[in-house]
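Here are my notes on the model you sent.

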Amino acid sequence: MRIDVVTIFPDYLAALDLSLVGKARTAGIVDVRVHDLRDWTTDRHRTVDDTPFGGGAGMVMRPDVWGRAIADVARPEPSGEPDGAGVPGARAHLVVPTPSGRSFTQRTAEALAGEDHLVFACGRYEGIDARVAEHHRAAGGTVSELSIGDYVLNGGEVATLVMIEAVARLLPGVVGNPESLVEESHGAAGLLEYPVYTKPPAWEGLEVPEVLLSGHHARIHRWRRDEALRRTAARRPDMVRALDLAALDRRDLEVLAESGWTPRDGRLDREG
Ligand code: 6GU
């Protein structure tokens with residue numbers, strides 16, 4: 001996979017050299033390139049923004065500067081395969097991090113992990129002129145405007161780090177043991193992950209739950225599922241309501257009932 005990031009703060013993305021993403025880059029699994037948006041300015045002051053049409057506070061990033069940047073980085077390598085959509089660069093999937101985007105979820109990460117080429121356009125100020133996304137779509141490209149949560153950051157850089165890490169760890173060969181991708185929170189089961197423990201078995205007067213030391217695999221599996229259900233019931237009512245009743249067994253329903261959730265009209269609902 002190829003990932004380009006365009007930003008006015010390339011140093012913000014230095015963390016991509018580290019840890020999991022850094023190793024994936026070294027292993028040749030992902031080719032990440034960070035670019036300074038100001039390389040596509042043409043004036044002496046290297047201006048990237050201007051005042052908003054219609055008035056209002058703040059500054060808006062200029063479409064001409066962004067248009068040149070995206071055209072350059074979205075273009076396939078000269079030696080690469082021909083571009084699928086016929087327009088050079090249209091095959092690159094443009095990701096625009098913005099608090100006004102659709103929610104970025106594990107499902108989004110899974111979808112993006114299937115792409116050949118992602119281009120992240122990091123906006124600052126009040127955002128990027130809306131014609132930039134419109135123009136990429138008109139050229140046959142895909143644009144995803146995505147938010148990482150209901151709070152406001154100063155720019156798209158940190159959100160881009162979040163999204164690249166979530167996507168890169170799904171690429172084959174990045175996470176050492178692919179099984180660790182299976183049971184984790186926000187996987188297919190729709191439950192939060194159960195609590196985990198390691199040595200020592202007693203620490204600060206706190207004991208590891210006995211069942212985990214028993215070697216009884218069926219009981220351990222059931223205990224973990226109970227805990228995942230209890231956690232999800234206590235912390236994420238939205239996830240409990242989204243559970244498929246047909247995928248729950250009698251013990252699941254018992255645990256959920258103890259946590260105050262009962263089936264009603266084909267969905268789980270809080271009692272009372
Ligand atoms: Cl993607 N960008 C910014 N600037 N703020 C955010 C965000 C993105 N997601 C949540 N808040």
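Which polar backbone atom is 3.4 Å from a nitrogen atom of the ligand? That of Gly-155. Keep in mind throughout that this is a predicted model.

1. For Tyr-151, a backbone N or O atom lies 2.5 Å from a nitrogen atom of the ligand. For Leu-153, the corresponding distance is 3.1 Å. Taken alone, the ligand exposes 290 Å², and the protein buries 96% of that.

2. Ligand surroundings. The residues around the ligand include Pro-97, Thr-98 and Pro-99. Leu-146, Ser-147, Ile-148 and Gly-149 are also among them. Tyr-151, Leu-153, Gly-155 and Ala-159 belong to this set too.

3. Main core. The largest nonpolar core has 26 residues. Ile-3 and Phe-120 have the most contacts inside it. Two or more residues each come from strand 1 (2–7), helix 1 (19–26), helix 3 (106–112), strand 6 (117–121) and helix 5 (157–168). Helix 5 gives the largest share, seven residues. Apart from this core lies another, of 21 residues, with Trp-40, Trp-66, Ala-69 and Val-132 among them. In soluble globular proteins, nonpolar side chains tend to be buried together.

4. Ile-3. Leaving aside residues up to four places away in sequence, Ile-3 touches Val-30, Asp-31, Val-32 and Arg-33, among others. Its contacts also include Leu-118, Phe-120 and Ile-164.

5. Helix 1. Which residues of helix 1 are buried? They are Val-21, Gly-22 and Ala-24. Seen down the helix axis, these buried residues fall within an arc of 160°, so they line one face of helix 1. They pack against helix 5. The face turned away from the buried side carries the exposed residues Ser-19, Lys-23 and Thr-26. Just after helix 1, Gly-28 takes a positive phi of about 80°.

6. Ala-189. Where does Ala-189 lie? Its place is the loop between helix 5 and strand 8 (202–203). Is Ala-189 buried or exposed? Ala-189 has a relative accessible area of 53%, so it counts as exposed, the cut-off being over 50%. Ala-189 and Leu-248 are 59 residues apart in sequence. In space, their C-alpha atoms are 10.0 Å apart.

Conventions: Residues numbered from 1 in each chain as written. Predicted model: local features only at pLDDT ≥ 70, side-chain atom pairs only at ≥ 80, totals over all residues. Heavy atoms only, no water. Core = buried A, V, L, I, M, F, W, Y, C linked by side-chain atoms within 4.5 Å. Buried < 20%, exposed > 50% of the residue type's maximum accessible area, 1.4 Å probe, protein only. Helix = DSSP H or I, 4+ residues; strand = E, 2+ residues; numbered from the N terminus. Contact = heavy atoms within 4.5 Å. Arc of directions from axis to C-beta. Near = heavy atom within 4 Å. Polar contact = N/O pair within 3.5 Å; in protein donor to acceptor, adjacent residues only side chain to side chain. Areas by Shrake-Rupley, 256 points an atom, 1.4 Å probe, with all protein chains shown as cover.
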